[in-house]
Amino acid sequence: MSNVKDKLQVLKKWDKRINGTSLSGYLVGTLDEVVAVFGPPLDGDNIDGYKTDAEWMILVDGNDPVTIYNYKNGKNYNKEDGLDISEMDEWHIGSKTVAAVWKLQRYLDEVGSPMGIRVSN
């Protein structure tokens with residue numbers, strides 16, 4: 001039986017396998033909860049720096065790309081009126097399939113994370 005950690009790879013820089021992902025759901029959790037599971041967000045050279053302030057790029061089960069990111073609610077987009085990432089508690093999930101989102105939820109359940117996912121309509 002494989003280790004639960006083997007089911008998920010957090011990428012440390014932008015990767016072309018992420019191309020083609022789009023909004024598939026929402027991750028409900030604080031920045032601290034997200035960091036506890038996925039580590040720190042990518043650095044500024046690996047995100048758009050305009051519509052997003054924090055982003056994680058992940059491969060679930062070795063080949064299903066998933067992104068977790070804020071979108072148009074932070075300081076990069078809204079300047080002083082935007083949220084600091086420490087105030088955010090809902091994140092966009094981008095993927096190529098809804099199945100990848102459910103795989104992510106199963107992973108969160110297996111590691112005992114309090115975060116939850118809701119799929120977009």
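Is Trp-91 buried or exposed, and what is its relative accessible area? Select Trp-91 to begin: the residue is buried, with a relative accessible area of 0%, where buried means under 20% relative accessible area, exposed over 50% and partly exposed in between, with a 1.4 Å probe and protein chains only. Keep in mind that this is a predicted model, in which local features need pLDDT of at least 70 and side-chain atom pairs count only at pLDDT 80 or more, while totals for chains, interfaces and linings use all residues. Residues are numbered from 1 along each chain as its sequence is written, and side-chain values use heavy atoms, with hydrogens and water left out.

Searching the whole structure gives three aromatic pairs, a pair being rings of Phe, Tyr and Trp (its six-membered ring) with centres within 6.5 Å, counted as stacked for planes under 30 degrees apart, edge-to-face for over 60 and tilted for the rest. The ring centres of Trp-56 and Trp-91 are 5.4 Å apart and their planes stand at 90°, so this pair is edge-to-face. Because Trp-56 lies in strand β3 (residues 55–60) and Trp-91 in strand β5 (residues 90–95), the pair ties together parts 35 residues apart in sequence; strands (E, at least two residues) and helices (H or I, at least four) are DSSP runs, numbered from the N terminus.

Next, select Tyr-69 and Tyr-71, whose ring centres are 6.4 Å apart with planes at 85°, so they too are edge-to-face. Tyr-69 is buried at 12%, whereas Tyr-71 is partly exposed at 34%.

Finish at Gly-112, which follows helix α3 and has a positive phi, near 75°.
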